Amino acid sequence: MSQDDLPAAERVSAVTFLDADRLGRRVGEPEPEPPSAAVSQRWIDRMGFFLTADPEGCWVAEDARGIAGFAISQNRGPLWYLATYGVLPDRQGKGIGRRLMDAALAHAGGRPGLFSATAHPGATRRYRLAGFTLHPQMRMVGRVDRSALPAVRGLRDGRDGDLEWMDDLDRSLRGAGHGPDHRYMLGSLRLVVCDDRGRPGYVYIDDDAGRPVLLAAAHPETARLLLWEALASADGETLVNCITTANHWAVDAGLAARLHLDQEGFLAVRGMIPPAPYLASGHFL
Ligand SMILES: CC(C)(COP(=O)(O)OP(=O)(O)OC[C@H]1O[C@@H](n2cnc3c(N)ncnc32)[C@H](O)[C@@H]1OP(=O)(O)O)[C@@H](O)C(=O)NCCC(=O)NCCS
């Protein structure tokens, strides 16, 4: 993949995930919408960052009609992750996804790895055949009952100087720091930290979407406080996703906030266990 491929790859991603969302839509859920111009631009910016940080992990599949699929993966020290992966609906089931995944995994070179997977039938089949263990993920949605919000103390806004201990915390939870991903997220999301050296933790909050994006903590109590801070800033419908069964502290906080609990996709891992206390980011893991 090259930087020139980004606009066409974004269109392929938009079509592919709209189709997958329609396929996976449950009774009573609204009809999925195509991404807005702002969301499409964010995809291009983010994938452009991945291409700069670790270009050898980023692949497109191309035929006479143009780009048919993509796999964007990254190595961060001893850890590999898959940020996103898709093949156009009318080209699926023909082995293109397999070749993309083989290229991304060759880049991983045996590193432990993880990613957040959809329940799409082609995806789950591909991942299991590639040797990943699939851990069911929960998610919580709804409006926060503000009368349930506890008083939260001991947190502050994060800054550049926090990134070093945050990487140490990442290493203890998932085997590698987020490294350049922290700097990228710091540019577009609000960072809140607990810098208590005994029980540190951090959460990135997307204030536009009113939801936590990535949360890591040394202790479930710190994780709970950070999640409450994120829930307090949600002013409308919120979403807490990527909750594995090892993270029931998040289920407890979400239920206390009167959010609704259901299931969505899998955390796929190999050579490691699902991190906890931890809520992975879909793209930065
Ligand atoms: C996941 C995805 C990238 C795989 O690409 P692909 O080109 O379909 O992959 P392949 O054809 O190499 O392999 C898919 C496997 O699942 C099977 N499969 C594909 N689509 C299927 C479907 N709708 N139902 C049942 N099986 C399906 C294929 O037969 C193949 O199995 P096989 O190798 O034993 O024959 C593609 O299906 C996709 O884009 N899905 C929607 C988006 C998505 O969920 N992406 C993953 C995000 S984590």
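1. The crossing of H7 and H8 is right-handed, a label used when the near helix is turned clockwise from the far one by less than a right angle. Helix H7 covers residues 220–232 and helix H8 covers residues 248–256; they pack at an angle of about 35°, with axes 9 Å apart. Those axes are lines fitted to C-alpha atoms over the stretch in contact, and the angle, on a scale from 0 to 180 degrees, is taken between N-to-C directions. Helices (H or I, at least four residues) and strands (E, at least two) are DSSP runs, numbered from the N terminus.

2. A quick word on what you're looking at: this is a predicted model, where local features need pLDDT of at least 70 and side-chain atom pairs count only at pLDDT 80 or more, while totals for chains, interfaces and linings use all residues. Residues are numbered from 1 along each chain as its sequence is written, and side-chain values use heavy atoms, leaving out hydrogens and water.

3. Who meets whom between the two helices? From H7 come Pro220, Ala223, Arg224, Leu227, Trp228 and Leu231, and from H8 come Trp249, Ala250, Ala253 and Ala256 (contact means heavy atoms within 4.5 Å). That set divides into 9 nonpolar, no polar and 1 charged. Here Ala, Val, Leu, Ile, Met, Phe, Trp, Tyr, Cys and Pro count as nonpolar, Asp, Glu, Lys and Arg as charged, and the others, Gly among them, as polar.

4. Staying with H7, its buried residues include Thr222, Leu225, Leu226 and Ala230 (buried is under 20% relative accessible area, exposed over 50%, partly exposed in between, with a 1.4 Å probe and protein chains only). Among the elements covering the buried residues of H7 are strand S9 (211–217), strand S10 (237–244) and H8.

5. Now have a look at serine 73, in strand S2 (residues 66–76). Serine 73 is buried, at a relative accessible area of 0%. Its side chain makes a polar contact with the side chain of tryptophan 80, at 3.2 Å (a pair of N or O atoms within 3.5 Å; within protein, one must be able to donate a hydrogen and the other to accept it, and residues adjacent in sequence count only if both atoms are side-chain atoms).

6. Alanine 9 sits in helix H1 (residues 6–24) and is buried too, with a relative accessible area of 0%. Leaving aside neighbours within four places in sequence, alanine 9 is in contact with Met1, Trp43, Ile67 and Phe70.

7. Is glycine 282 buried or partly exposed? Glycine 282, in the segment after S12, is partly exposed, at 36%.
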